[in-house]
There are 2 protein chains.
Amino acid sequence: MSQKKTESLDGLFRTIRLERVSEKVANQLREVISQGILTVGDRLPSERDLAEQMGVSRASVREALQILAAQGIVESFHGGGSIVRNITDEEIRSPIQIFLENDRQRVLELTEVRAFMEAWAAREAARNRTDSQLERIQGYLEEMERDFAAGEIRFEVDFKFHTEIAAATRNTIFVHLIDSIYGLISYSVKIHRELVFAAREDQETILSHHRAVFDGIRDRDPSAAEAAMTRHLLFVVDRFKKWSSEE
Amino acid sequence: MSQKKTESLDGLFRTIRLERVSEKVANQLREVISQGILTVGDRLPSERDLAEQMGVSRASVREALQILAAQGIVESFHGGGSIVRNITDEEIRSPIQIFLENDRQRVLELTEVRAFMEAWAAREAARNRTDSQLERIQGYLEEMERDFAAGEIRFEVDFKFHTEIAAATRNTIFVHLIDSIYGLISYSVKIHRELVFAAREDQETILSHHRAVFDGIRDRDPSAAEAAMTRHLLFVVDRFKKWSSEE
DNA sequence: AGTGGTAAAGTGGTCAGACCATACTACCAG
DNA sequence: CTGGTAGTATGGTCTGACCACTTTACCACT
């Protein structure tokens, strides 16, 4: 970086640089996020790391983050790092959120929307997934199987399983979109939380569905993956309707 | 962060607001501007002056200006000071809109998302549509056919056609969701407006697609409607890719 | 094994002072 | 009045330091 003065040659043909360092940094970060290399919820490297990796000062990195934060793309926490925010959230969530309160019909609709979106995700994941993504999906699947054997339920793992499939579509916009949907789902689930607890035989069914989805993605068989996911979510919708009518 | 399982206690005792110095500075400047003490075109005091007057470091002042600049309220010129901008003519861009300009790949992804969502819409519309909805869809279709015969293009009619189909799913959440998506689409189209103007033979093709979609919905044939819509949007995606690679 | 406390490391927030790059201003020579 | 020039003001960047908060690991206690 040290570029002394070099007065003699520098007078002519100066490179007209109207782009500030901080903006270059911001653009580079934006690119990484846009390409989905870093996605919603991920932690950015620390300011010091970024400064070193890009060969700029920490002040410039901070100004870049300031820009991105003002645009709602990242968010920083004192002592806790910076994370990537969901770029579709405010567009999608706030208009819909008001419909969800105390309205079971809307929750059902939301679940139906989720169903066909995830079916598409499974198909595209089977088409576009990388090996490392497949490994992660498999990891979550096996985790769920272990939990089931231990008689335990961890909603987060199921969440990660589905999220990783969404990521495997390698469609950045979709990843952010489905994250918003999940935000709505979890919001509604918080309201109707009884739904989370299913019977043990249902869990077994769900597990077999997950396994089938995974197989389809592993074998790069879009139709099989989609069909399995559809079967899975129709089951969920069905259970939801049943629970909904009982009450 | 960390939404653990705070269960019942959630919502109590939170809200420990700690405002950063840079935000305080930004707010103070914003106030001065909103009160009209500094107005459009006026020069702000220099960063060094502001820092001294407010008793903070120049770095904090710079970060504050960075925030205001990202919001379009002020603009800084290297060596030439900072001025107040006209905030009314500066449209506020959401995070996702920032990605959609400058990034053709993301626009393509968005179009792909739209494609499968509308395919679902067509299927559900064929299943759930009311007669009056069908009439409206038909109305828009015939309007487009008349426009085509007259050598005219009106994007709004096409928009209404698709929107009415979304409404015919009778899924409130989906309607709002697709409405958000359309908002984004139309924004990106506004940027890449060359795409709007298609060749006349393409228009004819699209018209036949629309007709096929309508037939499927009229006959309450979900598969036919979905297939027709998929054919239609794959065509659009294809044209987009072609246009995108040409440039 | 679980709980709670504590120390250390990691990370963002702020500050100070320096230097560079560009724009502005006043002055001067023609 | 014009064009150049030097000096000054101002934004842009860098360095290094310190503070405040969070996270983590470890340990003592139950």
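Keep in mind that the model is predicted. Around DNA strand D there are 26 residues, and around DNA strand C there are 23. In chain B, helices α6(B) and α9(B) run roughly antiparallel.

**Beside DNA strand D**
- Coming nearest to DNA strand D are A:Arg20, A:Val21, A:Gly79, A:Gly80 and B:Ser46.
- The largest share, 4 residues, belongs to α4(A).
- Sorted by class, this surface has 13 polar, 7 nonpolar and 6 charged residues.

**Beside DNA strand C**
- Here the nearest residues are A:Gly79, B:Arg20, B:Val21, B:Gly79 and B:Gly80.
- Two or more residues each come from α3 (47-54), β1 (74-77) and β2 (81-84) of chain A, and from α1 (21-34) and α3 (58-70) of chain B.
- With 3 residues, α3(B) gives the most to this surface.
- The classes here are 12 polar, 6 charged and 5 nonpolar residues.

**A helix pair in chain B**
- Helix α6 (residues 131-149) and helix α9 (residues 200-218) of chain B have axes that come within 11 Å and cross at roughly 160°.
- Because angles over 145 degrees count as roughly antiparallel, α6(B) and α9(B) are described that way.
- Their crossing is left-handed.
- Residues of α6(B), including B:Leu134, B:Leu141 and B:Phe148, meet residues of α9(B), among them B:Leu207, B:Phe214 and B:Ile217.
- The contact of α6(B) with α9(B) brings together 8 nonpolar, 3 polar and 3 charged residues.

Technical notes:
Residues numbered from 1 in each chain as written. Chains lettered and ligands numbered in written order. Predicted model: local features only at pLDDT ≥ 70, side-chain atom pairs only at ≥ 80, totals over all residues. Near = placed C-beta within 6 Å. Nonpolar A, V, L, I, M, F, W, Y, C, P; charged D, E, K, R; others polar. Axes fitted to C-alpha atoms, helices over the stretch in contact; angles between N-to-C directions. Parallel < 35°, antiparallel > 145°, perpendicular 65-115°, else oblique. Left-handed = near helix turned anticlockwise from the far one by under 90°. Contact = placed C-beta atoms within 7 Å.
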